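Open the model in your viewer and keep the sequence alongside. The walk below goes from the overall layout to single residues.

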Amino acid sequence: MAERIETQAIVLQRFAFGESSQVVHLLTRALGRVVVMARGAWRAKNGYEGPLDLLVRGTVSLSLVHGRELALLTGRKVETAYPRLRSDLARHGAACHVLARILHFEPVGAGAGAFPLVDRALEAIETVDRARLPLLLLAFDARLADLHGLRPDVDQCVRCGSPRKLARFVASAGGIVCVACVEQRDEGAAIDARSAALLRDVATTPLRQLPDPPPATLSRARRLLDLHLEWHADALLAAPRARARPSTRRSSRGLR
Ligand SMILES: [Zn+2]
């Protein structure tokens with residue numbers, strides 16, 4: 001027995017299927033990432049305003065059969081194609097960063113939670129001052145990490161809990177290690193108080209309330225978060241369904 005669901009969705013990936021159909025990955029508000037078949041999406045008459053293109057948000061109707069990973073797309077009404085992402089190279093690049101992260105970090109069937117974060121990020125990428133795009137992407141990545149329970153610990157030593165004399169950011173340890181606990185085998189990057197504070201603030205403070213950080217602070221925080229996400233990506237993909245999702249409320253607010 002098929003279950004019918006109507007929800008908002010953003011197109012993440014699409015592949016041609018047969019002569020006129022598409023297989024499409026959608027990030028939905030209700031179910032997270034799902035894979036759907038859009039039959040006849042390339043025909044002149046279809047119920048999707050199709051064919052489906054990347055980074056378009058709409059309301060979709062899905063027919064789900066229990067036990068099957070491929071759902072059937074039965075309808076779609078386009079809400080926005082985020083038009084400013086398509087006419088500005090810097091904004092388009094930022095949107096591609098968001099898309100790549102979601103494809104990497106949101107496996108099919110992982111559950112809901114990422115949709116509001118992605119939708120707000122795309123809307124913010126359309127309107128934010130272009131010079132603030134790198135800060136916006138840092139905030140997006142920090143909140144995505146948070147959503148998966150992977151927020152880097154930057155307030156205290158991850159080994160002894162001391163808030164003083166923090167030495168290195170060690171991705172495999174999940175955060176900063178102090179001078180007393182750092183070991184020779186620890187591969188990590190140097191961290192300073194400003195970068196640590198920025199990593200904390202971008203995950204919790206609305207973007208519009210964040211002052212512009214010095215470029216060196218921003219690029220160091222960027223590098224640390226990249227190391228952190230890279231290290232955790234493998235662990236996350238190995239057991240995506242087992243991971244508990246923390247509350248998403250804090251993560252999805254205030255990106256603008
Ligand atoms: Zn320590």
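What follows covers domains, core, helix packing and some local backbone features.

This is a predicted model: local features need pLDDT of at least 70, side-chain atom pairs count only at pLDDT 80 or more, and totals for chains, interfaces and linings use all residues. Residues are numbered from 1 along each chain as its sequence is written.

Start with the division of the chain. Domain 1 spans 2–80, and domain 2 is made of 84–148 + 193–214 + 223–238. These bounds come from an automatic or database domain assignment. The C-alpha centres of domain 1 and domain 2 lie 25 Å apart. Their contact takes 17 residues from domain 1 and 17 residues from domain 2. Contact here means that the C-beta atoms of two residues, placed from the backbone, lie within 7 Å. On the domain 1 side, strand 1 (2–17), strand 2 (21–28) and strand 3 (32–38) each supply at least two residues. Helices (H or I, at least four residues) and strands (E, at least two) are DSSP runs, numbered from the N terminus. By class, that side of domain 1 has nine nonpolar, four polar and four charged residues. Ala, Val, Leu, Ile, Met, Phe, Trp, Tyr, Cys and Pro count as nonpolar, Asp, Glu, Lys and Arg as charged, and the others, Gly among them, as polar.

Now look inside. In soluble globular proteins, nonpolar side chains tend to be buried together. Here the largest nonpolar core has 63 residues, and Leu 26, Leu 27, Val 118 and Leu 199 have the most contacts inside it. Helix 4 gives the most to this core, with 10 residues. The core draws at least three residues from each of domain 1 and domain 2. Such a core is a set of buried Ala, Val, Leu, Ile, Met, Phe, Trp, Tyr and Cys residues joined through C-beta atoms within 7 Å. A residue is buried if 20 or more other C-beta atoms, placed from the backbone, lie within 10 Å of its own, exposed if 12 or fewer, and partly exposed in between.

Which way do helix 3 and helix 4 run relative to each other? The axes of helix 3 (residues 114–127) and helix 4 come within 11 Å and cross at roughly 180°. Axes are lines fitted to C-alpha atoms, for helices over the stretch in contact, and angles run from 0 to 180 degrees between N-to-C directions. The two helices are therefore roughly antiparallel, a label for angles over 145 degrees. By class, their contact has 10 nonpolar, no polar and one charged residues.

Helix 4 (residues 133–147) also meets helix 5 (residues 193–204), with axes within 8 Å and crossing at roughly 75°. Helix 4 and helix 5 are therefore roughly perpendicular, the label for 65 to 115 degrees. Leu 138, Ala 139, Ala 142, Arg 143 and Asp 146 in helix 4 meet Leu 199, Val 202 and Ala 203 in helix 5. Leu 199 touches residues including Pro 152, Val 154 and Leu 224.

Finally, check the backbone. Glu 49 and Pro 51 both sit in the loop between strand 3 and strand 4 (57–65). Glu 49 has a positive phi of about 55° although it is not a glycine. A cis peptide bond joins Gly 50 and Pro 51, with omega about 0°. Lys 165 has a positive phi near 50°. Lys 165 counts as exposed because it has 11 C-beta neighbours inside 10 Å.

Technical notes: Parallel < 35°, antiparallel > 145°, perpendicular 65-115°, else oblique. Lists of a residue's contacts leave out its neighbours within four places in sequence.
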